[in-house]
Each structure stands twice: as C-alpha cells, then as structure tokens.
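User: Hi! I'd like to talk through this model with you. Can you have a look?

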Amino acid sequence: MAILSMKWHLFLVSALGGGMMWAAGLSTASAQNREITPEMIRQAQAAGYNPNLREGLEGLGDLEKLKEKVSSSDKSSGKEKTGTKSTSTDRTRKDSDLKNLEYDRRNNGVDTRGSAYQREQERQNDYRVRTIRDKDGNLVDAETGEIFETADGTVTAAGKQNMTAGSRMVLDPRLDALGQLTPEEAQRLKEAEKRIQDSILRNSVFGREIFSARNLTFAPTYNLPTPANYVLAGGDRLFIDLWGDAEANYDLKVSPDGIIVIPDAGIVPVGGLTIEAAEKRIRNKLANSVSGLNDGSVQLKLSLGDIRSIKVNIIGEASMPGTYTLPSLATLFNALYEAGGVSDIGSLRSIKLIRGNKQVAELDVYDYLLGGKQEVNVGLQDNDLIVVQPYENLVKVTGKVKRPRIYELKKGETAANLLDYVGGFMGEAYKDNLTVNRKSGRMMSVHNVPAEDFAVFAMADGDSVTVGEVIRQYANRVTIEGAVWRPGDYELDDSTVTLRQLIERAEGVRGDALMSRTQIVRLNDDYTFTVEAVDLRGLLDGTVADIRLRPEDLVRIPSINSLREGYTIDVKGEVNTPQTLLYRDNMTIEDAILMANGLKESASLARIEVARRVKNPNSTEQSDRIAELYQFNIPADLGLSAETASFKLQPFDQIYIRRSPGYNEQTSVFAQGELLFSGEYVLSTNNDRLSDLVAKAGGLTSEAYAPGAYLKRKLTEERLARLETLSDLSARGRSATGDTIVLKQMEVGDYFPIAIDLPAALANPDGLDNLVLEDGDMLMVPKFNNTVTISGAVLYPCTVTYVEGQKIKNYIARGGGYADRAKKRPFVIYANGLPDAKRGGKWPKVEPGCEIVIPSKPPKGRGMSAAEVMGLMTNTVSMAAMLTSIIK
C-alpha cells in the first residue's frame, strides 16, 4: 500500500504542475496580446522574432507600419481565412511580408534573396517550430535545442515528428545539407563524363585530337638553341663573338639583300646560307684581319639573336585555312596547330609542303604518332604553301582491339596495316577472323577475312571492322571438387582421360570422402546437364570399370561432414564462457567444461545435468519422450573420475552447471541522513530489517525526524517493464478522458521511493512496518522540518511554518483560499510519503514537513461517450492490476 500511495502522490502532483504551467502560459499570452495583435506575433515569429525574449522587434521596422501591413493582409485574405482559426502559437511560415526584414538586420548584409539562403529557409519551413543552426551545423529547435537535422542533412526522429504536413520527408540523396553534390555523386558524375568522353573518342578519327588536346601543344617556341641547318635571310639578327688572344663582339642584322657589314672587315653575303655555312664564311673573311683565327689562338662563335617572321599559306581541308605569320623557326606541325588542325574531311596522311612551285615534303601524321618519326616535322620558310588533301578511306574498328577508333587509311592499305594502327588484338580477341561490313553498290555486304588474308585484303572507305572474342567455353577442361587434396580445373589430355586418372592427378581422396557415391555432372550437346553416379570405393578398388571423361565434366566427391548437420555441444550455466562447442568424438563432461574456460566460483559440483536428444530415424510413430536426462558429480580440478569417464558425450548434448545453493555474494544497503554512522552496510542475513540497519548505523541523531524517514529501492528491469506498461495505460486513459494526470514514474531514475513508518518499525521490530531490506536499499532519515506546503488549486501556493493545533482549513486560508475550480477535498502527504484524506468526517492531522494538496476539477466540456467510458474502465482495471503486481 505504501507504493500505491506514492504513485497517487506522483499522479496528483503532476496534474497540478501541468495545470499551473497551462495557467502561466495563458497569462503570458494575454500580456503579449495587450501589446500587439496575434497576427503580428505570428508574422514576427515567421521572421525570427521571439516574443518571450523580446528580440528582433527592431528588425521588423516601424510598429505602426507593421500594424498597417497586418491590417491590409487581414482584409485581402479575409475570404480565404473563413473558418480557419489563427493563434499566437501558429509558428508556420506561410506569409512572406516580413520574410527578409529581420534577417537582413541580423545577418550583416547576407543576401536573403540568394538561392542558398532560400534553400535554407525552405528547409527550416518544414517544421512546426522555429529552427536555427547550432555551432556544429545541426538544425535544432530554437527554444529547446533538440536536433531535427544533422549537419549532413539526416532527419532525426524528433525532426520527423515536428515536420509539417506536406513537407519533404526524404531529402535528395545526391545533395548534402548545403545543397551541394555529395562526394559520391560528384565521383559518379565524373565517371559518367569520362564514359561519354570515351564514347566520343571512339567515334572520332584517330589523330585529329592532337591539335586540340589539353596536354599536348604544337605552338611555336622561341627559347631554343640555334639549329645548325637554319637558313639565314633578311631580318635575322646575328651575334658574332671573338675570344682568346683577341676579343670582340658584333651585333649585326641581315639586310633585305642578305648581307651583313662587319666593321674593319667589310661586306659578307649570308642570305640563303645555313648557320653553319655562314659561320665558315665569316671566319674566312675575318681571318684576313685577325690572324689568330688561323692558328686557333682566337675562337669565333656565330649565334642567332632576334629571328625574323615568315608568312605561310595553308589551303585545302584545314580547319581554318589562310595566311599565317610565324617565326622563322616554325615547323609544319606548328603551322597546322595554328590552323586548328584538319577539317572533318581533311587528311592526316597526305599534307603537302610546296616551296617554289615544287613539293619538298609530304607529312603523314601517323608516322609521327605511331612511329615517333621526327624527320617528318620539317622546318618552314617564307612563302611556303601547305596543302591539306581530303581523306581517301575512313575505316571504323570495334570489338576486342586495343584502340577501337576510326582510322584514316591510304589507298591500297590492308587489314594488316589497320591492325598495326589499332595496336593489335586484345588478349581475349578472336584472332583467326575479321568481320568487315562494306558498302558495295546499292547494298551492304559482309566479308569474313581469315588471318592468312590480312596482308592482302585491301580496305575501302566506309568499311566497318568488328573483332570478336573467343568463346567462353573450354575445349579441354575437366573440374574436380570436394574431398580431394587438390580440387580445381585440370587439362583433359593423354595423361588424364578417365575418372581414376583425374583423382590420382588431384593427389587422391581425403579421409572424409563419401566412398559410396560420387557424381559426374556432364554437359550434353544441347547444353543440358546429366548426372552420372559412380561407386567411388569400387572404382578405386578396381571392382568397378573406370569412366572416360569428356570436356567440361564436373566431378563432385562429397565430404561426409558436408552431408550432415553440424555437430555441436552446448555448455550453459555457471561456467566462465557459456558457449556452443564443436563436437569431438570421445568428449566427456570435463572436456566440455574445460573448453568453456572452467567453472565459476558459484558452480555446484554436486549436480551436473546432461540433456540428450531422443532420436530414432526408423521410428514410424510419435513418442512422448523428448529428451534423456543424466546427472553427475564431478571433481573440482576436472580430473578423471570413474563416474564420468564411461559417459561419452554425443552430438547436440546440452550440459547444465547449476548454481550452488551454498554460494552467496555480498549484498549491501545504505544509511544516509541523521544517523550516527551513515554509509554502506553489508546484509548479514536475508532477513535483515530496517531496525537492524538503524542499529548497525549507531541509532538516530538528536536532530533526526524519524516520522519523515523513507526508503529508496532499486528499480529492477522487471519493475521497469511494468511501469512502462502502466505509463502506456495512463496515456491511453488521458486521451480518452482528457485527464491532465501525467505519470512521472519514468523520471524516477534508478530508484523509486517507498513510504515507511520508521518509529513503528523501531518500536515493534517484529511488526509488519519493519520492512525486510533488499540489495541496494537506501534509508533516508531527514532533519526535523517545521514547515507545511500548500499546493494545488489555491490562490497562492506556498510553504508556511508549522503551527501546532492548526487544521487543514487554517493552512488553506494561509494559501489564499480555494481557487475557482478547486475540489474541496484536500488530502495530506506526510514527510515519509504516506498520504491521508478525510475519513468518517474527520480530517487528517497536519504534521511538520507534510504537504497539503488541493486537487482541481477537470475543465468543462462535452460528456464522455460510451466508448470512452468503457476505455476508462478498462484502463483503470489494468492499472490497478499493474499496481498490485508492483506492490508484490
């Protein structure tokens, strides 16, 4: 009954607390409504204004303008709001009038109309309460701090509960909390882009990409040594350096006539000469005036300074034909690069260089790309003409080659040349045949080119060549698996023709092989399978004829262990590691306990129980017997004993080691408060009581208030489960009746209080008030408290001093008297937790430290329906049964 009284105490206090909070909320709302209208509060909240903290109002602009906006908004939307009730607690953001005002002020100029800001606002609008971002980036309730969304955008359980109807429930998995692509999605798009680029590359002409590649450039360079074969012309700048016995430096420019004038030496014609030839001519000219050039005492070096510009004309099928001004060191590739390469019909295999009406070179880009020939990249001279011819043959190659692309072929080039260009076959390619699709006349034709004709089969424009792959089937493979020493694939050759030879090549069968039956799974000609059974023992003994194998045969030699259920032994109870063990032949009870890491200190050696399955595979009728039980005694050192040595465990046996009845662990209780020696005390017997604990603690102090003592007991898992059920029943009862009682038991924590009568327990140790203690109990003895608390439905709940002789009505009067909806049936809760109410017309006595509780009437409303009455009755009966179970 003590626990029952404490439960009702918790119920009533919670109801009164909930009522007071509701009343306080109404008072606050009324105060705010006196200042501004509810619609203003709703719009202010939509813009981030917290009316409780009085923040953000300055960001809403002028108050009179705000009232005008609200007024005009009410008039314009009057028809839409018909039948809809709006309150100051409606915190959804449906209006945009004040959308940016407060945020523009508080965010220091943040662009509130930007896409990122709008996305964040839409995310926060999904919730019924105002949300903000905390320092970790989580979206949280602005008042309670409860997390609705983590920084990565994951919606929590609390967030789902607070989402508004119709809001997003599943975020786009491709975006993070900031609306940007996740790393996984970015990688996926990158891979998709690469696949598209590869597809484009496969359908483009090989070689044309070199003039547009990012990592390859043929732009002319000026920072390079003077080539020895460079031909001088008007406009070149020359440096002549002399050193040794005589030193001199000359900076000369070649005239348009191709001459230079050397001081003290005269005119030297150098136009049309290479650098090497011009240096010899200058050396001979200066030798007349510098004698050291003949005997080597003076050295001469000719180098090129500023180079001249030349004009080159590019015509034909270039991407951008025209006249280009290039440095005189430019080459044929430099000119093509400046012209953007060749056009869609331009040839890479026939680019002609015309100089002085004569063809001096013909460039084949494939020689450079595939052969690395640098000599094809010839230097250019002024007024050179480059002619890009149209292509002759374009051939597409697909399938198992290293570079499946479109290739340009010259007239007369064969399939062998094409295979050289594609880099050859891949490893899995079918190399004996090429399939060529050709446009011939008015129809298509197909040609199968064998390997011996690759060198003579000429390719034509528009051909499409396909290289197949080898058949995914072995021509000479047999496979053996199961209980052999070397399972795997083997070659079907002259040394491995029969089943016995294959087993010998796999180094024989293992000891666990099923000798009575082996299977050969054979592939038929119609690609169905046939199973052929073989007597393995007879095959190996020679009493059964050997079997000839065929390609793709699969030989299965089963293991006897794989054909039966896994044999185990269960060890349960007082062992250090209860577990399921693999069964081993000849196992005893001691072996199994040893494998379970031995016995616990609490184990009983006098009663070891073994439960064995009852099995009879030949039985044809049901048996009532489902297990066989055996009991044994074992030695403490798990040594060999005559009793258990003859008892061998069988598969699926279960061993139970019981807890010894003579083993008990220390249990303790706590004495706290006004006792001489408070602290922890060990229970010496299972019957230690309250009076025993007080005696062990040296008795009560002079300041102890024994009538106010109470006991705290640990909340076990069983009791917690019952309380959860009770909480659920209470919640369902509230929803049916509108009751304001809230079950607070779940907030008690690890302990729950028990009301006791300590003076009665000490006066009569043999009486029922002297409770038997349990492990973890805490006895709390308070000091004397000469106050009385008046709570509930009074005008002024308060705590007053205790006055001896005053009655309940006197204390209620000291609390201001009854409130409007008070039930005039007060009850008293004493300091030890025991409640008392009016009985037989007599009010309970008021004592120091007690609390006087005045309950309140439920709010006026409709009556209860028949279904609600039945629900209330059902819940009441269930709660009564649960309380009785908890008390017991």
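User: Is Lys400 buried, partly exposed or exposed?
Analyst: Lys400 counts as partly exposed, at 25% relative accessibility. Here buried means under 20% relative accessible area, exposed over 50%, and partly exposed in between (1.4 Å probe, protein chains only). Before we go on: this is a predicted model, where local features need pLDDT of at least 70 and side-chain atom pairs count only at pLDDT 80 or more, while totals for chains, interfaces and linings use all residues. Residues are numbered from 1 along each chain as its sequence is written, and side-chain values use heavy atoms, with hydrogens and water left out.

User: Thanks! Which residue forms a salt bridge with Lys400?
Analyst: Glu428 does, with the closest N and O atoms 3.7 Å apart. A salt bridge is a side-chain nitrogen of Lys or Arg within 4 Å of a carboxyl oxygen of Asp or Glu. The pair links distant parts of the chain, 28 residues apart: Lys400 is in the loop between strands S14 (393-399) and S15 (406-409), and Glu428 is in the loop between helix H12 (415-421) and strand S16 (433-440). Helices (H or I, at least four residues) and strands (E, at least two) are DSSP runs, numbered from the N terminus. Glu428 is partly exposed, with a relative accessible area of 24%.

User: And how many salt bridges does the structure hold?
Analyst: The structure holds 30. Another of them pairs Glu532 with Arg522 at 3.8 Å, N to O. Glu532 sits in strand S22 (residues 529-534) and Arg522 in strand S21 (residues 518-523). Glu532 is partly exposed at 31%, whereas Arg522 counts as buried at 12%.

User: New topic: how many residues are in the largest nonpolar core?
Analyst: That core has 51 residues, and those with the most contacts inside it include Leu380, Tyr407 and Met459. A nonpolar core is a set of buried Ala, Val, Leu, Ile, Met, Phe, Trp, Tyr and Cys residues joined through side-chain atoms within 4.5 Å. A second, separate core of 27 residues includes Leu242 and Val254.

User: What does Tyr407 touch?
Analyst: Leaving out residues up to four places away in sequence, Tyr407 touches, among others, Phe206, Tyr366 and Leu418. Contact means heavy atoms within 4.5 Å.

User: Last one, strand S38: which strands do bridges join to it?
Analyst: Strand S34 (residues 787-792) runs parallel to S38, with four bridges, and strand S36 (residues 827-829) runs antiparallel, with three. Two strands pair if DSSP finds at least two bridges between them. Ile852 in S38 is the bridge partner of Ile790, and Val828 also stands opposite Ile852.
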